[in-house]
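Hi,

Here is the structure I said I'd pass on.

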Amino acid sequence: MFVVRSTGAWRAWRNSCPHWQGTPMAWRKDAYLTGDGRQIRCSAHGALFDLESGLCTLGPCVGESLTPVPLIQTADGHLEVDLGDIQETPQ
Ligand code: FES
């Protein structure tokens with residue numbers, strides 16, 4: 001998974017592109033965003049994704065979305081994955 005912060009909110013996504021499930025998104029370690037930091041970019045074929053919704057807006061999987069990972073921010077500011085809301089990926 002990877003985590004991004006946008007408009008003051010933290011969001012997490014599975015590190016798997018909807019174009020080819022299982023394809024990691026980063027083009028190098030911890031590099032998930034476009035140069036201007038306004039979109040998520042898949043390294044494989046360049047699909048672009050909205051930071052807030054995870055929706056693919058350009059590329060081979062337009063209309064598909066990244067899979068969200070639910071987060072909880074604790075009172076002391078730490079982020080935790082909300083395991084109660086994790087859904088298994090169909091095989
Ligand atoms: S695998 Fe991500 S755009 Fe093709």
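**What turned up**

L83 sits in the segment after β8 (79–81); helices (H or I, at least four residues) and strands (E, at least two) are DSSP runs, numbered from the N terminus. Before going on, some ground rules: this is a predicted model, where local features need pLDDT of at least 70, side-chain atom pairs count only at pLDDT 80 or more, and totals for chains, interfaces and linings use all residues. Numbering starts from 1 along each chain as its sequence is written, and side-chain values use heavy atoms, with hydrogens and water left out.

Back to L83, which is exposed at a relative accessible area of 68% (buried is under 20%, exposed over 50%, partly exposed in between, with a 1.4 Å probe and protein chains only). L83 also belongs to a nonpolar surface patch of about 530 Å², together with M1, V3, W10, L79 and V81. Patch members have over 30% relative accessible area and no salt bridge; nonpolar side chains (Val, Leu, Ile, Met, Phe, Trp, Tyr) are joined within 5 Å, like charges within 9 Å. The areas are Shrake-Rupley values with a 1.4 Å probe, and for residues only the protein chains shown count as cover.

On the inside, the largest nonpolar core has 14 residues, and F2, M25, I40, F49 and L66 touch the most other members. A core here is a set of buried Ala, Val, Leu, Ile, Met, Phe, Trp, Tyr and Cys residues joined through side-chain atoms within 4.5 Å. In soluble globular proteins, nonpolar side chains tend to be buried together. What does M25 touch, leaving aside neighbours within four places in sequence? Its contacts (heavy atoms within 4.5 Å) include the core members F2, I40, F49 and L66, and also N15, S16, C17, Y32, R41, C42 and S43.

Now the cysteines. The structure holds 0 disulfides, a disulfide being a pair of cysteine sulfur atoms within 2.5 Å. C56 is in none, and its nearest cysteine sulfur, that of C61, is 3.5 Å away.

The side chains of K29 and D30 form it, at 3.3 Å from N to O. K29 is exposed at 68% relative accessible area, and D30 is exposed at 60%.

D30 comes up again for its backbone: it has a positive phi of about 65° although it is not a glycine. D30 is in the loop between β2 and β3 (39–41). T7 also has a positive phi, of about 45°, and is not a glycine either; T7 lies in the loop between β1 (2–6) and β2 (9–13) and is exposed, at 66% relative accessible area. For context, most residues other than glycine have a negative phi.

P68 counts as exposed at 53% relative accessibility. P68 and W13 are 55 residues apart in sequence, yet 4.5 Å apart in space, C-alpha to C-alpha. Not counting residues up to four places away in sequence, P68 touches A12 and W13.

Cheers

Key:
A salt bridge is a side-chain nitrogen of Lys or Arg within 4 Å of a carboxyl oxygen of Asp or Glu.
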